[in-house]
Amino acid sequence: MFQSVPRRRPLCEMGVNTARSQSARCFRKTVESTTTQLKKVPWLDKSVNQLLSWLQKAGVGANDASKSSQCKKGLLSIFADHCGFVTGQRLRRACQIRELYSNLYSERTKWTLVGNIWRRFQNKHAPSGKLIAALAGVFVWDNEKIQDEEMHRCGLELQTLDTVNRLNPSSGTVAGQTEMVWEIIVDKTDFKVWRRPIPNSHLYEYRVLGSYMDVSPRQFFNVQLDTEYRKKWDSLVIKLEVVDRDVNTGSEVVHWATHFPYPMYSRDYVYVRRYDVDVENNLMILVSRAVAHPRVPETQSFVRVHSYQSKMVIRPHKSFDENGFDYLLTYSDDPQTVFPRYCVSWMVSSGMPDFLEKLHVAALQAKNLEVGIRDYAGRD
């Protein structure tokens, strides 16, 4: 009796779908244009490109979802699409600003500017700062730098060891109040080596106490830090360069690639180092430990050493420029080998004295031949 009237979609539903489709298309175009601009910036990190690729896929997924799922609609969906559109616009604006500054400033100035902006942001948004830094590929000095307390503790280690040796000079072991026992493995007049096991590991930590009477503390200290001079006297070096520097503390990030004994592959280290000359206490301090830096990703050419730490304290007998000083070196690393524990222990315990003697000879040559090396002790 009554004719059936075809049911039409409400106008509000059509409006919602139309707005969603237009917003998704606009968001996708924004991400695509931003990606095109990023290809023109060669120094941009890969992590940001991956983030934009993910956003582009998200935009395509949002467009497909608007066609397949008719039930999820309303003001909330429009708001979500609008947020995606705004995010894309801001990413494009940020990339344009970054490209502008890349044309105006040098590489070092750019990273200094980024570091200052990052420190201000981190003070306000500390919990989310680390996640954003990882996505953007930014090295955060405030988190990775060697702190003043660590430098101070390192300076006290030589004094503590002297006190223990005076109280018990005939003992072959050294132990602190809360430390594990150090076992002596080399005992000479001017050269002693101890070791102790690293907890939850098959490796050892080593401590070397020695003296040199024919070279000045300043010369020995500078030879260790001068990367260009080390390329000349250390035949094992493949690559050695400073990749980043903190202007506030003078700390540096160093990439070091070195040959290992056959048949092992060459290793490379990325570490942060900080040095200090304590005139008041008559000490020179150098601390290094492994870090991850976005400018030096792992490659197939070397085996990356992720666990590494070195601390050296130099105490002159008289002054920094007169011959004669004592030094204390504490060292540990995991060379990523498959050899038994005793083999690794033998390589380290024999290789460390050999390196120190090369360092000593290099300091003598720099002194006798008057080789021009940088004076790190007089940087202030």
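Strands β8 and β10 (residues 308–316) run antiparallel and are joined by six bridges. Strands here are DSSP runs of E, at least two residues long, and helices are runs of H or I, at least four residues long, both numbered from the N terminus. Two strands count as paired if DSSP finds at least two bridges between them. This is a predicted model, in which local features need pLDDT of at least 70 and side-chain atom pairs count only at pLDDT 80 or more, while totals for chains, interfaces and linings use all residues. Residues are numbered from 1 along each chain as its sequence is written, and side-chain values use heavy atoms, with hydrogens and water left out.

**Strand β8 and its partners**

- V287 stands opposite K311 in β10.
- Strand β7 (residues 267–278) also runs antiparallel to β8, with eight bridges joining the two.
- D278 has L283, in β8, as its bridge partner.
- Four residues lie between the strands in the hairpin of β7 and β8. In this hairpin, N282 takes a positive phi near 60°.
- Why is β8 largely enclosed by the rest of the structure? Seven of the eight residues of β8 (residues 283–290) are buried, so the strand is largely enclosed.
- Buried means under 20% relative accessible area, exposed means over 50%, and partly exposed lies in between (1.4 Å probe, protein chains only).

**C154 in helix α7**

- Helix α7 (residues 148–167) holds C154.
- C154 has a relative accessible area of 1%, so it is buried.
- Contact means heavy atoms within 4.5 Å. Leaving aside neighbours within four places in sequence, C154 is in contact with I285, V287, K311, M312 and V313.
- C154 and L329 are 175 residues apart in sequence, and their C-alpha atoms are 9.9 Å apart in space.

**Salt bridges**

- Side chains of opposite charge can pair when their charged atoms come close.
- A salt bridge is a side-chain nitrogen of Lys or Arg within 4 Å of a carboxyl oxygen of Asp or Glu. How many does a search of the whole structure find? The search finds 17 salt bridges.
- R207 and E157 form one, with their closest N and O atoms 3.6 Å apart. The pair links distant parts of the chain, since R207 sits in strand β4 (residues 204–212) and E157 in helix α7, 50 residues apart.
- Both R207 and E157 are buried.
- E157, R207 and K311 are linked in a network of salt bridges.
- E183 and R195 meet through their side chains in a salt bridge of 3.5 Å, N to O. E183 lies in strand β2 (residues 182–187) and R195 in strand β3 (residues 191–197), so the pair ties together parts twelve residues apart in sequence.
- E183 has 37% relative accessibility, so it counts as partly exposed. R195 has 17%, so it counts as buried.
- R304 forms a salt bridge with D268, and their closest N and O atoms are 2.9 Å apart. R304 lies in strand β9 (residues 303–305) and D268 in β7, so the pair ties together parts 36 residues apart in sequence.
- Both R304 and D268 are buried.

**Nonpolar cores**

- A nonpolar core is a set of buried Ala, Val, Leu, Ile, Met, Phe, Trp, Tyr and Cys residues joined through side-chain atoms within 4.5 Å.
- The largest core has 42 residues, and F221, V223, Y327 and L356 have the most contacts inside it. Helix α10 (residues 341–368) gives the largest share of this core, seven residues.
- L356 touches F191, V208, Y212, M312, Y327 and L329, not counting residues up to four places away in sequence.
- Another core lies apart from the largest one and has 20 residues, among them I146, L161, V270 and V313.
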